[in-house]
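Hello,

Here is the structure I promised to pass on. Please have a look, then read my notes below.

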Amino acid sequence: MTATAQPGKKKQVRDMFDGIARRYDFLNGFLSLGTDRRWRRKAVRQLEKTRPARIIDIATGTGDLALELLRLRPSRIVGVDISARMLEIGKQKIVKAGVQEVITLQEGDSEQLDFADMSFDAATVAFGVRNFENVNKGLSEMARVLKPGGQAVILEFAQPERFPVRQLYNFYFNRVLPFLGRVISGNPHAYSYLPRSVGEFPYGDGFLEIMRHAGFSDTKYISLSFGIAAIYTGIRN
Ligand SMILES: C[S@@+](CC[C@H](N)C(=O)[O-])C[C@H]1O[C@@H](n2cnc3c(N)ncnc32)[C@H](O)[C@@H]1O
(Lines give C-alpha, C1' and ligand atoms only; values in the text may rest on other atoms or scores of the structure.)
Protein backbone atom coordinates (compact mmCIF):
# COMPACT_ATOMS: atom_id res chain seq x y z
CA MET A 1 0.00 0.00 0.00
CA THR A 2 1.19 3.53 -0.69
CA ALA A 3 -0.26 6.79 0.53
CA THR A 4 -0.97 9.23 -2.27
CA ALA A 5 0.67 12.64 -2.26
CA GLN A 6 -1.72 15.57 -1.83
CA PRO A 7 -0.34 18.66 -3.60
CA GLY A 8 -1.09 21.95 -1.87
CA LYS A 9 -1.75 20.28 1.47
CA LYS A 10 1.46 21.57 3.06
CA LYS A 11 0.51 25.23 2.95
CA GLN A 12 -3.00 24.53 4.21
CA VAL A 13 -1.65 22.45 7.08
CA ARG A 14 0.95 25.08 8.00
CA ASP A 15 -1.61 27.89 7.97
CA MET A 16 -4.02 25.82 10.01
CA PHE A 17 -1.47 25.00 12.74
CA ASP A 18 -0.14 28.57 12.74
CA GLY A 19 -3.74 29.63 13.33
CA ILE A 20 -4.51 27.32 16.25
CA ALA A 21 -1.02 27.27 17.84
CA ARG A 22 -1.93 29.39 20.88
CA ARG A 23 -4.78 27.07 21.85
CA TYR A 24 -3.31 23.80 20.60
CA ASP A 25 -1.99 22.49 23.94
CA PHE A 26 -5.15 23.35 25.82
CA LEU A 27 -7.37 21.79 23.14
CA ASN A 28 -5.30 18.63 23.00
CA GLY A 29 -5.63 18.00 26.71
CA PHE A 30 -9.27 19.07 26.86
CA LEU A 31 -10.55 17.11 23.85
CA SER A 32 -8.63 13.95 24.70
CA LEU A 33 -9.20 14.24 28.48
CA GLY A 34 -5.45 14.03 28.97
CA THR A 35 -5.10 10.77 27.06
CA ASP A 36 -2.70 12.34 24.56
CA ARG A 37 -0.05 12.64 27.30
CA ARG A 38 -0.38 8.98 28.25
CA TRP A 39 -0.01 7.96 24.62
CA ARG A 40 3.12 10.11 24.15
CA ARG A 41 4.62 8.59 27.32
CA LYS A 42 3.99 5.12 25.99
CA ALA A 43 5.58 6.07 22.66
CA VAL A 44 8.71 7.22 24.49
CA ARG A 45 8.82 3.94 26.43
CA GLN A 46 9.41 2.14 23.10
CA LEU A 47 12.90 3.68 23.12
CA GLU A 48 13.78 2.79 26.72
CA LYS A 49 15.78 -0.31 25.87
CA THR A 50 18.08 1.33 23.34
CA ARG A 51 18.40 4.74 25.04
CA PRO A 52 19.23 6.67 21.84
CA ALA A 53 21.69 9.54 22.25
CA ARG A 54 20.53 11.69 19.31
CA ILE A 55 16.83 11.94 18.54
CA ILE A 56 14.90 13.85 15.90
CA ASP A 57 11.26 14.63 16.67
CA ILE A 58 9.58 15.35 13.36
CA ALA A 59 6.42 17.51 13.26
CA THR A 60 7.27 18.42 16.85
CA GLY A 61 4.64 21.18 17.00
CA THR A 62 4.68 22.72 20.48
CA GLY A 63 7.33 20.22 21.56
CA ASP A 64 5.35 17.93 23.88
CA LEU A 65 6.92 14.71 22.61
CA ALA A 66 10.39 16.33 22.53
CA LEU A 67 9.95 17.25 26.20
CA GLU A 68 8.71 13.75 27.04
CA LEU A 69 11.80 12.29 25.33
CA LEU A 70 13.97 13.91 28.03
CA ARG A 71 13.13 10.90 30.22
CA LEU A 72 15.54 8.88 28.09
CA ARG A 73 18.37 11.29 28.97
CA PRO A 74 19.58 11.71 25.39
CA SER A 75 22.43 14.08 24.61
CA ARG A 76 20.48 15.87 21.89
CA ILE A 77 16.87 16.24 20.75
CA VAL A 78 16.07 18.21 17.61
CA GLY A 79 12.45 19.06 16.90
CA VAL A 80 11.41 20.18 13.41
CA ASP A 81 8.09 21.54 12.21
CA ILE A 82 6.75 23.61 9.32
CA SER A 83 4.64 25.83 11.58
CA ALA A 84 6.66 28.73 13.03
CA ARG A 85 3.84 29.57 15.46
CA MET A 86 3.69 26.05 16.90
CA LEU A 87 7.47 26.17 17.35
CA GLU A 88 7.26 29.57 19.09
CA ILE A 89 5.05 28.05 21.80
CA GLY A 90 7.35 25.03 22.00
CA LYS A 91 10.42 27.23 22.43
CA GLN A 92 8.78 29.08 25.33
CA LYS A 93 8.08 25.75 27.03
CA ILE A 94 11.66 24.62 26.54
CA VAL A 95 13.07 27.82 28.02
CA LYS A 96 10.63 27.54 30.93
CA ALA A 97 11.80 23.97 31.58
CA GLY A 98 15.45 25.13 31.29
CA VAL A 99 16.36 22.40 28.81
CA GLN A 100 17.64 24.51 25.87
CA GLU A 101 20.99 22.71 26.14
CA VAL A 102 19.38 19.43 25.09
CA ILE A 103 16.36 20.38 22.95
CA THR A 104 16.53 22.59 19.88
CA LEU A 105 13.45 23.39 17.83
CA GLN A 106 13.78 24.58 14.26
CA GLU A 107 11.66 25.14 11.19
CA GLY A 108 11.88 22.29 8.74
CA ASP A 109 9.91 20.11 6.38
CA SER A 110 9.61 16.39 7.05
CA GLU A 111 9.85 15.75 3.33
CA GLN A 112 13.17 17.57 2.98
CA LEU A 113 15.02 17.32 6.26
CA ASP A 114 17.98 19.61 6.63
CA PHE A 115 20.29 16.95 8.13
CA ALA A 116 22.98 14.68 6.75
CA ASP A 117 22.35 10.98 6.23
CA MET A 118 22.60 8.85 9.38
CA SER A 119 22.60 11.81 11.81
CA PHE A 120 20.27 10.30 14.44
CA ASP A 121 19.85 7.18 16.58
CA ALA A 122 16.08 7.50 16.78
CA ALA A 123 13.29 9.42 15.08
CA THR A 124 9.83 10.11 16.45
CA VAL A 125 6.59 11.62 15.14
CA ALA A 126 3.42 12.15 17.19
CA PHE A 127 0.20 12.95 15.35
CA GLY A 128 2.24 14.26 12.44
CA VAL A 129 2.46 11.70 9.62
CA ARG A 130 -1.25 12.03 8.82
CA ASN A 131 -0.62 15.69 8.04
CA PHE A 132 2.25 15.16 5.63
CA GLU A 133 1.62 16.11 2.03
CA ASN A 134 3.61 13.10 0.87
CA VAL A 135 3.78 10.36 3.51
CA ASN A 136 6.13 8.10 1.53
CA LYS A 137 8.61 10.93 1.11
CA GLY A 138 8.36 11.90 4.78
CA LEU A 139 9.07 8.35 5.93
CA SER A 140 11.93 7.91 3.44
CA GLU A 141 13.50 11.10 4.75
CA MET A 142 13.07 9.78 8.27
CA ALA A 143 14.94 6.61 7.25
CA ARG A 144 17.67 8.63 5.52
CA VAL A 145 18.58 10.69 8.60
CA LEU A 146 18.59 7.61 10.84
CA LYS A 147 21.66 5.45 11.32
CA PRO A 148 21.25 1.85 10.15
CA GLY A 149 19.67 0.05 13.11
CA GLY A 150 18.14 3.33 14.31
CA GLN A 151 14.59 3.22 15.65
CA ALA A 152 11.49 4.97 14.38
CA VAL A 153 8.51 5.50 16.68
CA ILE A 154 5.33 6.93 15.19
CA LEU A 155 2.23 7.74 17.21
CA GLU A 156 -0.90 8.35 15.17
CA PHE A 157 -4.66 8.18 15.36
CA ALA A 158 -6.16 4.97 14.02
CA GLN A 159 -9.72 3.74 13.64
CA PRO A 160 -11.31 1.41 16.19
CA GLU A 161 -13.07 -1.47 14.47
CA ARG A 162 -15.18 -3.07 17.20
CA PHE A 163 -18.69 -2.34 18.37
CA PRO A 164 -19.46 -0.21 20.38
CA VAL A 165 -16.14 1.67 20.50
CA ARG A 166 -16.28 2.36 16.77
CA GLN A 167 -19.77 3.88 16.99
CA LEU A 168 -18.98 5.94 20.09
CA TYR A 169 -15.72 7.11 18.61
CA ASN A 170 -17.37 8.10 15.32
CA PHE A 171 -19.99 10.11 17.17
CA TYR A 172 -17.42 11.90 19.33
CA PHE A 173 -14.91 12.41 16.53
CA ASN A 174 -17.35 13.49 13.80
CA ARG A 175 -19.87 15.46 15.84
CA VAL A 176 -18.70 16.51 19.31
CA LEU A 177 -15.05 17.23 18.63
CA PRO A 178 -15.50 19.45 15.52
CA PHE A 179 -18.12 21.48 17.41
CA LEU A 180 -16.01 21.98 20.56
CA GLY A 181 -12.86 22.53 18.49
CA ARG A 182 -14.58 25.19 16.39
CA VAL A 183 -15.93 27.05 19.40
CA ILE A 184 -12.69 26.97 21.39
CA SER A 185 -10.07 27.38 18.65
CA GLY A 186 -12.06 29.94 16.67
CA ASN A 187 -10.99 28.09 13.52
CA PRO A 188 -13.98 26.72 11.59
CA HIS A 189 -11.95 24.10 9.73
CA ALA A 190 -9.22 22.75 12.03
CA TYR A 191 -11.31 20.30 13.98
CA SER A 192 -13.39 19.05 11.07
CA TYR A 193 -10.08 18.46 9.29
CA LEU A 194 -9.04 16.18 12.16
CA PRO A 195 -11.69 13.43 11.71
CA ARG A 196 -11.45 13.74 7.92
CA SER A 197 -7.68 13.34 7.90
CA VAL A 198 -7.87 10.34 10.24
CA GLY A 199 -10.61 8.74 8.15
CA GLU A 200 -8.52 9.01 5.00
CA PHE A 201 -5.27 7.77 6.53
CA PRO A 202 -4.00 4.18 6.46
CA TYR A 203 -3.63 2.49 9.84
CA GLY A 204 -2.58 -0.86 11.29
CA ASP A 205 -1.01 -3.26 8.79
CA GLY A 206 -1.59 -0.78 5.95
CA PHE A 207 0.67 1.75 7.64
CA LEU A 208 3.32 -0.87 8.44
CA GLU A 209 3.50 -1.65 4.74
CA ILE A 210 4.22 2.01 3.99
CA MET A 211 6.99 1.95 6.61
CA ARG A 212 8.60 -1.12 5.06
CA HIS A 213 8.39 0.50 1.64
CA ALA A 214 10.24 3.54 3.06
CA GLY A 215 13.17 1.47 4.36
CA PHE A 216 12.16 0.08 7.75
CA SER A 217 12.14 -3.52 8.91
CA ASP A 218 10.95 -5.33 12.03
CA THR A 219 7.83 -3.15 11.84
CA LYS A 220 5.18 -3.57 14.53
CA TYR A 221 2.31 -1.70 16.06
CA ILE A 222 0.61 -1.45 19.41
CA SER A 223 -3.05 -0.49 19.54
CA LEU A 224 -3.96 2.18 22.10
CA SER A 225 -7.30 2.82 23.80
CA PHE A 226 -9.34 0.19 21.89
CA GLY A 227 -7.77 1.15 18.58
CA ILE A 228 -8.28 4.92 18.74
CA ALA A 229 -4.55 5.42 18.23
CA ALA A 230 -1.51 3.28 17.52
CA ILE A 231 2.24 3.33 18.06
CA TYR A 232 4.19 2.07 15.05
CA THR A 233 7.83 1.07 15.40
CA GLY A 234 10.46 0.03 12.90
CA ILE A 235 14.20 -0.34 12.51
CA ARG A 236 16.06 1.48 9.76
CA ASN A 237 17.53 -1.08 7.33
C1 LIG B 1 -1.23 17.52 15.39
S2 LIG B 1 0.29 18.39 15.41
C3 LIG B 1 1.33 17.37 16.40
C4 LIG B 1 2.35 18.14 17.18
C5 LIG B 1 3.14 17.34 18.21
N6 LIG B 1 3.95 16.31 17.62
C7 LIG B 1 2.25 16.76 19.28
O8 LIG B 1 2.40 15.58 19.62
O9 LIG B 1 1.40 17.50 19.83
C10 LIG B 1 0.91 18.11 13.78
C11 LIG B 1 2.12 18.94 13.44
O12 LIG B 1 2.66 18.47 12.20
C13 LIG B 1 3.27 19.56 11.56
N14 LIG B 1 3.54 19.22 10.16
C15 LIG B 1 2.65 18.92 9.20
N16 LIG B 1 3.26 18.68 8.02
C17 LIG B 1 4.60 18.80 8.27
C18 LIG B 1 5.75 18.67 7.46
N19 LIG B 1 5.68 18.38 6.17
N20 LIG B 1 6.95 18.84 8.05
C21 LIG B 1 7.06 19.18 9.36
N22 LIG B 1 5.99 19.33 10.17
C23 LIG B 1 4.78 19.14 9.63
C24 LIG B 1 2.25 20.68 11.79
O25 LIG B 1 2.77 21.96 11.55
C26 LIG B 1 1.86 20.42 13.24
O27 LIG B 1 2.63 21.17 14.14
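This is a predicted model: local features need pLDDT of at least 70, side-chain atom pairs count only at pLDDT 80 or more; totals for chains, interfaces and linings use all residues.

Phe-226 sits in the loop that runs between strand 6 (216–224) and strand 7 (229–236). Phe-226 is not a glycine, yet its phi is positive, at about 60 degrees.

Leu-33 is another residue to look at. Its phi is near 50 degrees, a positive value in a residue other than glycine. You will find Leu-33 in the loop between helix 1 (9–31) and helix 2 (35–45). Leu-33 is exposed, because 8 other C-beta atoms lie within 10 Å. The cut-off for exposed is 12 or fewer.

Next, a peptide bond. Phe-163 and Pro-164 are joined in cis, with omega at about 0 degrees. Pro-164 belongs to the loop between strand 5 and helix 6.

Now to helix 7, which covers residues 190–200. Which of its residues are buried? They are Tyr-191, Leu-194 and Val-198. Seen down the axis of helix 7, the buried residues fall within an arc of 30 degrees, so they line one face of the helix. An α-helix has 3.6 residues a turn, so residues three or four places apart point the same way. The other side of helix 7 has Gly-199 and Glu-200, which are exposed.

What do the buried residues of helix 7 pack against? Their partners are strand 5 (146–157) and helix 6 (165–185).

The crossing of helix 6 past helix 7 is right-handed.

These residues make the contact:

- From helix 6: Phe-173, Asn-174, Leu-177, Pro-178, Gly-181, Arg-182 and Ser-185.
- From helix 7: Ala-190, Tyr-191, Ser-192, Leu-194 and Pro-195.

Sorted by class, this contact of helix 6 with helix 7 has seven nonpolar, four polar and one charged residues. Tyr-191 and Leu-194 of helix 7 take part in it, and both are among the buried residues of that helix.

Best wishes

Technical notes:
Residues are numbered from 1 along each chain as its sequence is written. A residue is buried if 20 or more other C-beta atoms lie within 10 Å of its own, exposed if 12 or fewer, and partly exposed in between; C-beta atoms are placed from the backbone. Helices (H or I, at least four residues) and strands (E, at least two) are DSSP runs, numbered from the N terminus. The arc is that of the directions from the helix axis to the C-beta atoms. Two residues are in contact if their C-beta atoms, placed from the backbone, lie within 7 Å. A crossing is left-handed if the near helix is turned anticlockwise from the far one by less than a right angle, and right-handed if clockwise. Ala, Val, Leu, Ile, Met, Phe, Trp, Tyr, Cys and Pro count as nonpolar, Asp, Glu, Lys and Arg as charged, and the others, Gly among them, as polar.
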